[in-house]
Amino acid sequence: DGLRSAPQVLFGIQEKQHFARNIGNMSANPALVQTPRGELVPAPFPGERFLLRRDGVQLDLDAVRTRTGKWSAKGYLFVSNVRLVFLTEKVDDSGLQGFDFPLVYIRKDTLNQPIFGCNNLSGEVWAAEEGGGPAGSLPPHKFVIYFKIGGIGTFYPLYYTLSQRAKQSFTAMSGESITSSNPEMAASGPTAGWQDPNPASWAESLVQRAYVDPNDPSTVYISQPTNDSQQLSQRPVYASNYGRDEVYEDMAPGHGPPRS
């Protein structure tokens, strides 16, 4: 029995159409696959490496297409060299099951460590959909990720390193292709002029050097939870001139939930 994407596993046609009408956002409900252990994980992009899974988190998110315009859910968080992915423990009436946080679209992120209460990461993220991005008409989503269990000594250094490199490296020249002996650092076509801030090989070496905090319940992925056959066909696409004039380009089609 082959592994199937999460919408096929969890939902029928009517439910998927409901998602398309009510979500309509390529950041929302990213494609999922099942591992051999039966766990749902994000379907990886080509060149994407998942570094860590963190259980026991809660996400508060605004500017989403729910009745209240907000979403609060408990679940778990995946960290890759490309993005953060939050997956809820169960689908609620909103129809939301997960949300993508492209590292290059996260801004104003702040680690909060209150005397009373749990560690949390707050910030804003541009939506990966038409009209989103820094120059789009849609406002960024404000978010808070609460770490309800244990410490963050493993999670945060990995996240911080990846996010800072993403912010510093996304300054490509518009309309110029990069020539590189490393295919992970090259781009062409709609991504011309853009360098991968966290190449897969570098990310893998980062995991090997990661500090494992015994108080942090994160699972570090020494090997990938998925196999090559479960990869998506295309990498996410961002504006080739993002670093120059912040013009947004929609992510590559074919990896999100179906649209009506």
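I started at one end of a strand: valine 125 stands opposite histidine 141 in β9. Before going on, I noted that this is a predicted model, where local features need pLDDT of at least 70, side-chain atom pairs count only at pLDDT 80 or more, and totals for chains, interfaces and linings use all residues. Numbering runs from 1 along each chain as its sequence is written, and side-chain values use heavy atoms, with hydrogens and water left out.

**Overall count**

I looked up the elements and got five helices and ten strands. Helices (H or I, at least four residues) and strands (E, at least two) are DSSP runs, numbered from the N terminus. Of the 260 residues, 51% count as buried; buried means under 20% relative accessible area, exposed over 50%, partly exposed in between (1.4 Å probe, protein chains only). I also checked contacts (heavy atoms within 4.5 Å). Residues 24 or more positions apart make up 63% of those with a separation of 6 or more.

**Strand β9**

Back to β9, residues 141-147. Which strands pair with β9? For pairing, DSSP has to find at least two bridges between the two strands. Strand β8 (residues 120-125) pairs with β9 in the antiparallel sense over six bridges. Strand β3 (residues 50-62) is also antiparallel to β9, over five bridges. On that side I found leucine 59 with isoleucine 145 as its bridge partner. Five of the seven residues of β9 are buried, so the strand is largely enclosed by the rest of the structure.

**Helix α4**

Next I went to α4, residues 200-208, and found Ala200, Ala203, Leu206 and Val207 buried. Seen down the helix axis, the buried residues fall within an arc of 115°, so they line one face of α4. The arc is taken from the directions from the helix axis to the C-beta atoms.

**Asp216**

Past α4, I stopped at aspartate 216, in the loop between α4 and β10 (219-220). Is aspartate 216 buried or exposed? Buried, with a relative accessible area of 5%.

I then listed its polar contacts (pairs of N or O atoms within 3.5 Å; within protein, one must be able to donate a hydrogen and the other to accept it, and residues adjacent in sequence count only if both atoms are side-chain atoms). The aspartate 216 side chain reaches the backbone nitrogen of threonine 154 at 2.9 Å, and makes a polar contact with the side chain of serine 218 at 2.6 Å.

Leaving aside residues up to four places away in sequence, aspartate 216 touches Arg54, Gly151, Ile152, Gly153, Thr154 and Phe155.
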